[in-house]
Amino acid sequence: MLFYQTTVGDLMYRKLLIVIALALAFASFASAGDVNFRIGANGSVEIQGLRFLDMDNYLRSDFFREQGMRCGAKSPLPGVAESSIAKSVADCTATVTSIQAEYWPLSVTYVMPLWFHVIYRSDGAGYVSDERINAQIQVLNEDYGAMTGTMGADGYNTRIQFELAGITRTQNDAWFDDDDQDAYKPALNQDPSRFINVYSTSASGYLGYAYFPQDSAGQWWDGIVLLHAAVGGRYNGFSFYDQGRTLVHEMGHYLGLYHTFEGYSTCINSYTGGDLIVDTPAEGEDHYGCTQTYTCSSPDPIHNYMDYTDDICMYQFSAEQANRTVCSLVNYRSATYRVVADEPGDEPGDGPSGGEGGEGTPALGAILTHLLQSE
Ligand SMILES: [Zn+2]
């Protein structure tokens, strides 16, 4: 599952120790790198020796569903990082949610800086433009802020917003294949305790995967990996996932949210089972497309961002999901945001007003480009 360069003597031994130490943390993650995923020049998709005519066929295939390629995020390991947090981590552990009014902020917005790392292939595959990245950030803010007049308007304003801190671009064929995140993440990441790190690669054939703050906050592997084709704004042309919501979904995991179908056919709906959220109805299986189903006798939450439905179908966080995201943020990612007070006259859902509180304006820009030649 993990790869490292052949070295000699102490260095190899040390790396081996690191690999062993990290094996526990990675045990919760479906192994990227064993997948051998490739998008051909003619648009065909190859994965594990299977070949699909195009992306639409891949995304609607039994393989895509049965192998769980919609999302590679897996449940965190309880207790790994919690002991180092002093605040009210008990309110949103890996196994419990305790809804507290303090996590529904009324007059402030939490603004999180995000570094975007584009890793592309020598033939140009996977290159993502500044325009697509900026449109992607806009989608995050529309959906997390339930901004009036946007595609996210019918959701819930989590009071979390995002700003682009910078972009790196790296040409490296091996890294693009996503088979060695233990190489590219330490090389590229910006302090994971202070920044969201998003990497676009082939993502091993997943649409994306992420790590939960409850066991990975601030670690070098912390962050989100996206299939490059899924990056972008509204109607970006990427098949059934063309609204930029793959990152909205993965960011939900990054902020501590589980899939709405967590627990599957157990149909448990409690603060200690399923997705640890009660105002998202229990759901017996992951859901694709956009047809209302009743797998646990109540309407399945097919419009929730944490399901697997088509992008155009998902446009909601619940109030309790919003509560858990803010809880996860302030307890596990306390150095990864700044607080911006609303200005008088701000309408709910308009997002941060910016600049208030003496923190200065967001560090938009600061574009940094790395060009590393693949070997
Ligand atoms: Zn997911």
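A residue is called buried here if 20 or more other C-beta atoms lie within 10 Å of its own, exposed if 12 or fewer do, and partly exposed in between, with C-beta atoms placed from the backbone. By that criterion helix α9 is mostly covered, since 13 of its 14 residues are buried, and 47% of the 375 residues of the chain count as buried. The model is predicted, so that local features need pLDDT of at least 70 and side-chain atom pairs count only at pLDDT 80 or more, while totals for chains, interfaces and linings use all residues. Residues are numbered from 1 along each chain as its sequence is written.

**Overall make-up**

- The chain holds 9 helices and 9 strands, where helices (H or I, at least four residues) and strands (E, at least two) are DSSP runs numbered from the N terminus.
- Two residues are in contact if their C-beta atoms, placed from the backbone, lie within 7 Å; of the contacts in the chain with a separation of 6 or more, 67% are accounted for by residues 24 or more positions apart.

**Helix α8 and its surroundings**

- Helix α8 (residues 245-254) is largely enclosed by the rest of the structure, because 10 of its 10 residues are buried; among them are R245, H249, E250 and H253.
- The buried residues of α8 pack against α4 (130-144), β6 (196-201), β7 (208-210), α7 (213-216) and β8 (224-227).
- Two packed helices are described by the angle between their axes and the distance between the axes.
- The axes of α4 and α8 come within 9 Å and cross at roughly 60°, the axes being lines fitted to C-alpha atoms, for helices over the stretch in contact, with angles that run from 0 to 180 degrees between N-to-C directions.
- Helices α4 and α8 are therefore oblique to each other, given that angles under 35 degrees count as roughly parallel, over 145 as roughly antiparallel, 65 to 115 as roughly perpendicular and the rest as oblique.
- Q136, V139, L140 and D143 of α4 make this contact with R245, L247, V248 and M251 of α8.
- Just after α8, G256 takes a positive phi of about 95°.

- Strands pair if DSSP finds at least two bridges between them, and β6 and β8 run parallel, joined by 4 bridges, with V225 in β8 as the bridge partner of Y199.
- Strands β7 and β8 pair in the antiparallel sense over 3 bridges, and here the bridge partner of A210 is I224 in β8.
- In a regular strand the side chains alternate between the two faces of the sheet.
- In β8, I224 and L226 point one way and V225 and L227 the other way, and all are buried.

**Strands β4 and β5**

- Strand β4 (residues 108-120) runs parallel to β5, to which 11 bridges join it, and Y110 stands opposite I160 in β5.
- Strand β5 is largely enclosed by the rest of the structure, because 10 of its 12 residues are buried.

**The sheet β1-β2-β3**

- An open sheet of 3 strands has the order β1-β2-β3, with antiparallel pairing.
- At its edges stand β1 (37-39) and β3 (50-52), each with a single partner strand, so one side of each is left without a neighbour in the sheet.
- Neighbouring strands of this sheet are turned by 15° against each other on average, direction ignored.
- Strands β1 and β2 (residues 45-47) pair in the antiparallel sense over 3 bridges, and F37 stands opposite I47 in β2.

**Loop residues**

- N157 lies in the loop between α4 and β5 (160-171) and counts as buried, with 23 C-beta neighbours inside 10 Å.
- N157 and Q316 are 159 residues apart in sequence, and their C-alpha atoms are 9.5 Å apart in space.
- Most residues other than glycine have a negative phi.
- Y264, in the loop between α8 and α9, has a positive phi of about 45° although it is not a glycine, and Y264 is partly exposed, with 16 other C-beta atoms within 10 Å.
- L276, which lies in the loop between α8 and α9, has a positive phi near 65°, and L276 counts as buried with 26 C-beta neighbours inside 10 Å.

**Helix α9**

- The end C-alpha atoms of helix α9 (residues 319-332) are 20 Å apart, which agrees with the 20 Å that its 14 residues should span at 1.5 Å a residue, the expected span being 1.5 Å times one less than the number of residues.
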